[in-house]
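Subject: The structure I promised you

Hi,

My notes on it follow below.

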Amino acid sequence: MSELEQNNSPRPAVRYVTIDENNIDQRIDNFLVTFLKGVPKGKIYNLLRKGEIRVNKKRTKPDYRLQMGDIVRIAPIVIAPEADKPSLPERLKAEIESRIVYEDKGLIVVDKPSGIAVHGGSGLSFGLIEIIRQIRPQEKFVELAHRLDRDTSGLIMIAKKRAVLKELHTALREKTGLQKTYLALVYGHWPKRKVQVNAPLLKNELKSGERVVKVHHDGKESLTRFKLVRQFEDYSLVECEPVTGRTHQIRVHALHAGYPIVGDEKYASAEQLKLTKELGFKRLCLHATRLDMALQGERLLLEAPIEKSWQQLMSNVLVAKFS
């Protein structure tokens, strides 16, 4: 996307924007919400209705999908100044940079640490996506392809091209060409015969704004496959493959099976949490360990091991039963 004309005067001027590959097939209302940061949506729809925003010199409707080379004319409009970007510690930016496990022209894959949200909001001034935008300021398009809970670590995909984002969203929605695999340490002895949990999930939001998910017949169809990897005296390490992609799916399905995830502040019992904290487990023991995908005609297999402190605790604190 490039601007063909921009007046250097402090007064607003007509702007012309040429659409490139980063915005092909995007609805113009969604494009404008991002491009005209600070302008209320209602104002944008009003400008479209009045013909103050045109495509190729013609009036357009909010659901028009942009095409390569379209010229968008934006009438003079006062835009509120963008809020100052949060000042991020150089140490944090360096850590995230070191956790990039794959990058090409259209995709970044990061091994996200536990405790960092994927985006700012809800009292957080920044998240992973804001960090990536600051360490890759030359990229015009940087968007999350999916999400991980704040306390879940592991591989997360960030698109640098809209075409890549669309392809990933299609693969995730249609459950084709992309498989995410997690490792979870759970309380109890996960039975070898337990290979899947197929239970509908219903998402509720409490008055506090906290999200809680439960198995409920009114919920959305949800399926997770499980495989026992290693069993300890009182705990089990299991591999988890979510077939669907619901909020907290692995966490709630593990709980439903009778084996909540170690360190899960939302779904494990207070007694379980107290015990594992005393053993040294200070985090949610859920990690996105593998991505296997077909992207733009090429197969991409990426892996990230669980962090050393977690591995050491399993080796030094938990009593192995069998491997």
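Before anything else, one term: two residues are in contact when they have heavy atoms within 4.5 Å of each other. Also keep in mind that this is a predicted model.

With that, take a look at Lys 93. Once neighbours within four places in sequence are set aside, Lys 93 is in contact with Leu 88, Ile 131, Gln 134 and Ile 135. You'll find Lys 93 in helix H3, which covers residues 90-98. Is Lys 93 buried or exposed? Its relative accessible area is 15%, and the cut-off for buried is under 20%, so Lys 93 is buried.

Now the wider view. The protein has 323 residues, and 44% of them count as buried. Its secondary structure comes to 8 helices and 18 strands. If you take the contacts between residues at least 6 apart in sequence, 62% of them join residues at least 24 apart.

Next, some helix pairs. Two packed helices are described by the angle between their axes and the distance between the axes. Start with H3 and helix H4 (residues 128-135): their axes come within 10 Å and cross at roughly 90°. H3 and H4 are therefore roughly perpendicular to each other. On the H3 side, the contact is made by Leu 92, Lys 93, Ile 96 and Glu 97, and on the H4 side by Leu 128, Ile 131, Ile 132, Gln 134 and Ile 135. Sorted by class, the residues where H3 meets H4 are 6 nonpolar, 1 polar and 2 charged.

The other pair is helix H1 (residues 28-35) with helix H2 (residues 41-50). Their axes are 10 Å apart, and the two pack at an angle of about 125°. That makes H1 oblique to H2. The crossing of H1 and H2 is right-handed. H1 brings Asp 29, Leu 32 and Val 33 to the contact, while H2 brings Lys 41, Ile 44, Tyr 45 and Leu 48. These residues divide into 5 nonpolar, 2 charged and no polar.

On to the inside. Which residues have the most contacts inside the largest nonpolar core? They are Ile 96, Val 110, Ile 132, Ile 158, Leu 185 and Ile 261, in a core of 51 residues. Strand S10 (residues 178-187) gives the largest share of this core, with 6 residues. Apart from it lies another core, of 18 residues, including Leu 155, Ala 159, Val 164 and Leu 295.

Leaving out neighbours within four places in sequence, Val 110 is in contact with Ile 96, Arg 99, Ile 100, Leu 128, Ile 132, Gly 154, Leu 155, Ile 156 and Ile 158.

Asp 111 is in strand S7 (residues 107-112), and it is buried, with a relative accessible area of 12%. Among its contacts beyond four places in sequence are Arg 99, Leu 155, His 287 and Ala 304. Asp 111 and His 287 are 176 residues apart in sequence, yet their C-alpha atoms are 9.4 Å apart in space.

Asp 70 sits in the loop between strand S4 (58-59) and strand S5 (71-74). Asp 70 is buried too, with a relative accessible area of 5%. Not counting residues up to four places away, Asp 70 touches Val 17, Thr 18, Ile 19, Val 55, Asn 56 and Tyr 64. From Asp 70 to Asn 56 is 14 residues in sequence and 6.2 Å in space, C-alpha to C-alpha.

Last, some backbone angles. Most residues other than glycine have a negative phi. Asn 56 is not a glycine, but has a positive phi of about 55°. Asn 56 lies in the loop between strand S3 (53-55) and S4, and counts as partly exposed at 38% relative accessibility. Gln 296 also has a positive phi, near 50°. Gln 296 is in the loop between strand S16 (286-295) and strand S17 (298-303), and at 55% relative accessibility Gln 296 counts as exposed.

Happy exploring!

Technical notes. Residues numbered from 1 in each chain as written. Predicted model: local features only at pLDDT ≥ 70, side-chain atom pairs only at ≥ 80, totals over all residues. Heavy atoms only, no water. Axes fitted to C-alpha atoms, helices over the stretch in contact; angles between N-to-C directions. Helix = DSSP H or I, 4+ residues; strand = E, 2+ residues; numbered from the N terminus. Parallel < 35°, antiparallel > 145°, perpendicular 65-115°, else oblique. Left-handed = near helix turned anticlockwise from the far one by under 90°. Nonpolar A, V, L, I, M, F, W, Y, C, P; charged D, E, K, R; others polar. Buried < 20%, exposed > 50% of the residue type's maximum accessible area, 1.4 Å probe, protein only. Core = buried A, V, L, I, M, F, W, Y, C linked by side-chain atoms within 4.5 Å.
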